[in-house]
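Dear colleague,

I am handing over the structure below, and after it I set out what was found. Please read the notes with the model open beside them.

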Amino acid sequence: MTNRITKKLVTFRNPFTLGRNEEEWPAGNYTIETEEEPLDSVSLRGFRRIRTTMIVRSFTGRSGVTRFVEIDPSDLDAALADDREGIERAENEG
């Protein structure tokens with residue numbers, strides 16, 4: 001069996017950080033790619049996550065630079081939750 005790769009697009013409306021990494025990423029759309037390998041089981045079809053990668057595209061002038069940053073999915077979930085809370089807080093205050 002071959003590994004499977006799934007992709008999803010996430011949107012941040014505010015700048016964010018992931019986990020303990022101090023690098024701040026700008027608001028925008030990010031492609032998240034997850035690679036999983038099949039489990040060795042005859043009776044059950046399942047997969048185990050190998051890695052989750054955030055694809056970061058930045059454009060400077062005419063050339064684009066793409067970075068592939070390996071991330072922890074729980075850090076991504078926490079950052080997305082913080083982003084949603086920030087949006088809701090701003091809407092309630094405004």
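Glutamate 35 is found in strand S2, where helices (H or I, at least four residues) and strands (E, at least two) are DSSP runs numbered from the N terminus. At 18% relative accessibility, glutamate 35 counts as buried, the term meaning under 20% relative accessible area, with exposed meaning over 50% and partly exposed anything in between (1.4 Å probe, protein chains only). Its side chain makes a polar contact of 2.5 Å with the side chain of arginine 51; a polar contact is a pair of N or O atoms within 3.5 Å, of which, within protein, one must be able to donate a hydrogen and the other to accept it, and residues adjacent in sequence count only if both atoms are side-chain atoms. Leaving aside neighbours within four places in sequence, glutamate 35 is in contact (heavy atoms within 4.5 Å) with Asn3, Arg4, Ile5, Arg48, Arg49, Ile50 and Arg51.

Before going further, please note that this is a predicted model, in which local features need pLDDT of at least 70 and side-chain atom pairs count only at pLDDT 80 or more, while totals for chains, interfaces and linings use all residues. Residues are numbered from 1 along each chain as its sequence is written, and side-chain values use heavy atoms, with hydrogens and water left out.

Glutamate 36 also lies in strand S2 and is buried, with a relative accessible area of 15%. A polar contact of 2.7 Å joins its side chain to that of arginine 4, and, apart from neighbours within four places in sequence, glutamate 36 is in contact with Asn3, Arg4, Phe47, Arg48, Arg49 and Ile50.

As for the overall architecture, the protein has 1 helix and 4 strands, and from the N terminus on its elements run β-β-β-β-α. The radius of gyration is 17 Å, well over the 12 Å that the globule rule gives for 94 residues, so the protein is more spread out than a compact globule; this radius is taken over C-alpha atoms, and the rule is 2.2 Å times the number of residues to the power 0.38. Along its principal axes the C-alpha trace spans about 55 × 40 × 20 Å, and 29% of the 94 residues count as buried. Among contacts between residues at least 6 apart in sequence, 42% join residues at least 24 apart.

The largest nonpolar core has 14 residues, and those with the most contacts inside it are Phe12, Phe16, Trp25, Tyr30 and Met54. Strand S1 (4-12), strand S2 (28-38), strand S3 (47-60), strand S4 (63-71) and helix H1 (73-93) each supply at least two residues of this core, and the largest share, 3 residues, comes from H1. Such a core is a set of buried Ala, Val, Leu, Ile, Met, Phe, Trp, Tyr and Cys residues joined through side-chain atoms within 4.5 Å. Methionine 54, not counting residues up to four places away in sequence, touches Phe16, Leu18, Trp25, Tyr30, Thr31, Ile32, Arg67, Phe68, Val69 and Ile71.

The structure holds 3 aromatic pairs, defined by rings of Phe, Tyr and Trp (its six-membered ring) whose centres lie within 6.5 Å, with planes under 30 degrees apart counted as stacked, over 60 as edge-to-face and the rest as tilted. Phenylalanine 12 and phenylalanine 16 form a stacked pair, 3.6 Å centre to centre with 10 degrees between the planes, and both residues are buried. Phenylalanine 16 and tyrosine 30 form an edge-to-face pair, 5.3 Å centre to centre with 90 degrees between the planes; this pair links phenylalanine 16, in the loop between S1 and S2, with tyrosine 30 in strand S2, 14 residues apart.

Leucine 18 is also found in the loop between S1 and S2 and counts as buried at 8% relative accessibility. Leucine 18 and leucine 80 are 62 residues apart in sequence and 9.6 Å apart in space, C-alpha to C-alpha.

With best regards
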